[in-house]
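Hello,

Please find below the structure that I am handing over to you. My notes on what was found follow it, arranged by topic.

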Amino acid sequence: MEGHGKLLVADRMYSLLPGSIAIIKPYVLHWPSVIGTKPLHRVVLSLDERYVQTSFDNSPGISSCVSTLLAEQQPYWCFSAVKMDRVRELLQQLSGEIADQPAFYEAALHHLLAELFVILAREQYCPPDTSNSENAAFHLAERILRYLTAHYADSIEVSRLHERFNVSRSHMYDHFKQATGHSLNRYLTIYRINQAKRLLMDTPLSVTEIASAVGFGDLSHFFHTFKSETGLTPSSFRKQAGN
């Protein structure tokens, strides 16, 4: 709504400007950062994944819109002020319905979300930022992010990554933290755990197989890290998720 910044979503960087809209899927690491001194004012609408995927099954047109929106890895738009007016109005109406819960508010939510999905589906996505950034740290961070997300299942020696990117170790650490808000080790841990959550929910793989698939060579280390991050063991998480 207001302000200027950057949005990290998985391994991509997007501009945060008035009119920016992003769909961030479950268990995807994301982090907004401010550029300049003006704070960011934004609206976050959290929707249950199953609700989005199933509640419009009897509305083929809307169901098609939802499928279109979710087909892209990370949908992102930047609307003009005129087009953003209606989106802002819809978000305000959604917020009011959720807060007040008047009679038939669930039907109203369904209607408002359907209109929002149609508006978004009719607009083409904007690509990730490729032009010169206000902060050179983002360029190096993007390259590192792409490498980490492509190779998270491998054994990665973080302390030697600077050799691959031809920078000093301290420069790499400082710029990555500045751009993403996380240390390299912390980002890699969170990313691996998020991938493990998805595998626990969506696949019948054993916990041992999942630990190996997300880059944990040691099963006990995976158990300890997963419980430290989520408060649950992998098996408990899977059971709670209904799988």
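**The strands**

Strand β2 (residues 12-16) is largely enclosed by the rest of the structure, because four of its five residues are buried. Please keep in mind throughout that this is a predicted model. The partner of β2 is strand β1 (residues 5-9); the two run antiparallel and are joined by five bridges. One point to look at is Leu 8, whose bridge partner in β2 is Met 13. Between the strands of this hairpin there are two residues, and Ala 10 takes a positive phi near 60°.

**The nonpolar cores**

The largest nonpolar core has 34 residues. Within this core, the residues that touch the most other members are Ile 144, Leu 148, Leu 161, Phe 176, Leu 184, Tyr 187 and Phe 222. Two or more residues come from each of α5, α6, α7, α8, α9 (207-213) and α10 (219-230). Helix α8 gives the most to this core, with nine residues.

Leaving aside residues up to four places away in sequence, Phe 176 touches Ala 141, Ile 144, Leu 145, Leu 148, Gly 181, His 182, Ser 183, Leu 184 and Tyr 187. Apart from this core lies another, of 23 residues, with Ile 23, Leu 69, Met 84 and Ile 119 among them.

Ile 210 is in helix α9. Its relative accessibility is 0%, so Ile 210 counts as buried. With residues up to four places away in sequence again left out, Ile 210 is in touch with Ala 196, Leu 199, Leu 200, Thr 203, Leu 205, Phe 222 and Arg 238. From Ile 210 to Ala 241 the distance is 16 Å, C-alpha to C-alpha, and the two are 31 residues apart in sequence.

**Aromatic rings**

There are twelve aromatic pairs in the structure. One of them is the edge-to-face pair of Tyr 152 and Tyr 191, at 5.2 Å centre to centre with 65° between the planes. This pair links distant parts of the chain, 39 residues apart: Tyr 152 is in the loop between α5 (137-151) and α6 (161-165), while Tyr 191 is in helix α8 (residues 184-202). Are these two tyrosines, Tyr 152 and Tyr 191, buried or exposed? Both are buried.

Phe 176 and Tyr 187 make another pair, with ring centres 5.8 Å apart. Why is this pair edge-to-face? Its planes are at 80°, and planes over 60 degrees apart count as edge-to-face. Since Phe 176 lies in helix α7 (residues 169-180) and Tyr 187 in helix α8, the pair ties together parts that are eleven residues apart in sequence. Phe 176 and Tyr 187 are both buried.

Ring pairs also link Tyr 27, Phe 216, Phe 222, Phe 223, Phe 226 and Phe 237 into a cluster. Over the face of Phe 216 lies Arg 192, at 6.0 Å from the ring centre.

**Salt bridges**

Side chains of opposite charge can pair when their charged atoms come close. How many salt bridges does a search of the whole structure find? The search finds seven.

One of them joins the side chains of Lys 83 and Glu 123, at 2.9 Å, N to O. It links distant parts of the chain: Lys 83 is in helix α3 (residues 81-100) and Glu 123 is in the loop between α4 (105-122) and α5, 40 residues apart. Lys 83 counts as partly exposed, at 42% relative accessibility, and Glu 123 is partly exposed as well, with a relative accessible area of 26%.

Glu 163 and Arg 160 also meet in a salt bridge through their side chains (3.1 Å, N to O). Glu 163 is partly exposed at 46% relative accessibility, and Arg 160 is partly exposed with a relative accessible area of 44%.

In a further salt bridge, the side chains of Arg 186 and Glu 229 meet at 2.4 Å, N to O. Arg 186 lies in helix α8 and Glu 229 in helix α10, so this pair ties together parts that are 43 residues apart in sequence. Arg 186 counts as partly exposed at 35% relative accessibility, and Glu 229 counts as partly exposed at 30%.

Best regards

Terms used. Residues are numbered from 1 along each chain as its sequence is written. This is a predicted model: local features need pLDDT of at least 70, side-chain atom pairs count only at pLDDT 80 or more; totals for chains, interfaces and linings use all residues. Side-chain values use heavy atoms; hydrogens and water are left out. Rings of Phe, Tyr and Trp (its six-membered ring) pair if their centres lie within 6.5 Å; planes under 30 degrees apart count as stacked, over 60 as edge-to-face and the rest as tilted. Buried means under 20% relative accessible area, exposed over 50%, partly exposed in between (1.4 Å probe, protein chains only). A charge sits over a ring if NZ of Lys or CZ of Arg is within 6 Å of the ring centre and within 35 degrees of the ring normal. Two strands pair if DSSP finds at least two bridges between them. A nonpolar core is a set of buried Ala, Val, Leu, Ile, Met, Phe, Trp, Tyr and Cys residues joined through side-chain atoms within 4.5 Å. Contact means heavy atoms within 4.5 Å. A salt bridge is a side-chain nitrogen of Lys or Arg within 4 Å of a carboxyl oxygen of Asp or Glu.
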